[in-house]
Amino acid sequence: GASCLGELLKVNNSLKVLWMGLNEIGDEGVLSVCEGLLCNKTLTELIIWSCGISVKGASCLGELLKVNNSLKLLMMGANHIGDEGVLSVCEGLQCNKTLTKLDIVRCGISVKGASCLGELLKVNNSLKLLMMGANHIGDEGVLSVCEGLQCNKTLTKLDMEWCGVSVTGASCL
């Protein structure tokens, strides 16, 4: 399955979108796809929504984002990557200049992960859309994101629905 796709991505120069959502490819499948994308210069959208990916898979994606210059959209929501996984993705995005849309909805992110995202927003100049809803970041997490937004000039859409935010947190937005 995913290992064949990884091999295909190494040689294919026409595929623009890979929609793998709702397939249990897990961390090993993501590793295969990432290995293929190290050679691929044409894929612009990778959708791996609800694929059984954990911190290990997020780490592979973070490493890929450091060197990939073609991906514009990464939808990896509904995978339990947690704070450690979002840290890996954020580290990759500190170097990445092409990704404009990131979906990390329902990924088990808490205040710590929101803090990583806030720090990322201070330095990243390519993200235009950040979808991070259904992660329990609360008011403290929103505050971290708001601090990052004060420096950011590119993000135009932010999805924070169902994040446990009260009036206090919303007031900083």
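Colleague: Where is the place of Asn124?

Modeller: This is a predicted model: local features need pLDDT of at least 70, side-chain atom pairs count only at pLDDT 80 or more, and totals for chains, interfaces and linings use all residues. Residues are numbered from 1 along each chain as its sequence is written, and side-chain values use heavy atoms, with hydrogens and water left out. Helices (H or I, at least four residues) and strands (E, at least two) are DSSP runs, numbered from the N terminus. On that numbering, Asn124 belongs to the loop between H5 and E5.

Colleague: Which residues does Asn124 touch, not counting residues up to four places away in sequence?

Modeller: Contact means heavy atoms within 4.5 Å. With the sequence neighbours set aside, Asn124 touches Leu93, Asn96, Asn152 and Thr154.

Colleague: Now Leu120. Is it buried or exposed?

Modeller: Leu120 is found in helix H5. Its relative accessible area is 0%, so Leu120 is buried.

Colleague: Which residues is Leu120 in contact with, leaving aside neighbours within four places in sequence?

Modeller: Leu93 touches Asn124, and Leu93 is also in contact with Leu120.

Colleague: What do the buried residues of H4 pack against?

Modeller: The buried residues of H4 are Gly82, Asp83, Gly85, Val86, Ser88, Val89, Cys90, Gly92 and Leu93. The buried residues of H4 pack against H3, E4 and H5.

Colleague: Take H3 and H4. At what angle do their axes cross?

Modeller: Two packed helices are described by the angle between their axes and the distance between the axes. Axes are lines fitted to C-alpha atoms, for helices over the stretch in contact, and angles run from 0 to 180 degrees between N-to-C directions. The axes of H3 (residues 55-67) and H4 (residues 82-95) come within 7 Å, and they cross at roughly 5°.

Colleague: What does that make H3 relative to H4?

Modeller: Angles under 35 degrees count as roughly parallel, over 145 as roughly antiparallel, 65 to 115 as roughly perpendicular and the rest as oblique. The crossing angle is roughly 5°. Therefore H3 and H4 are roughly parallel.

Colleague: How many charged residues does the contact of H3 with H4 have?

Modeller: H3 brings Val55, Ala58, Ser59, Gly62, Leu65 and Lys66, and H4 brings residues including Glu84 and Glu91. Ala, Val, Leu, Ile, Met, Phe, Trp, Tyr, Cys and Pro count as nonpolar, Asp, Glu, Lys and Arg as charged, and the others, Gly among them, as polar. The contact has 6 nonpolar and 5 polar residues, and the charged ones number 3.

Colleague: How far apart are the axes of H2 and H3?

Modeller: Helix H2 covers residues 26-37 and packs on H3 at an angle of about 10°. The two are therefore roughly parallel to each other. Their axes are apart by 8 Å.

Colleague: Which residue forms a salt bridge with Lys56?

Modeller: A salt bridge is a side-chain nitrogen of Lys or Arg within 4 Å of a carboxyl oxygen of Asp or Glu. Here the closest N and O atoms are 3.0 Å apart. The pair links distant parts of the chain, 28 residues apart, from Lys56 in helix H3 to a partner in helix H2. That partner is Glu28.

Colleague: Which helix holds both Lys122 and Glu119?

Modeller: Their side chains meet in a salt bridge of 3.0 Å, N to O. The two are 3 residues apart, about one turn of the helix. Residues three or four places apart point the same way, because an α-helix has 3.6 residues a turn. Lys122 and Glu119 both lie in helix H5.

Colleague: Which residue in E5 stands opposite Leu102?

Modeller: Strands E4 (residues 101-103) and E5 (residues 129-131) pair in the parallel sense over 3 bridges. Opposite Leu102 stands Leu130.

Key
Two strands pair if DSSP finds at least two bridges between them. Buried means under 20% relative accessible area, exposed over 50%, partly exposed in between (1.4 Å probe, protein chains only).
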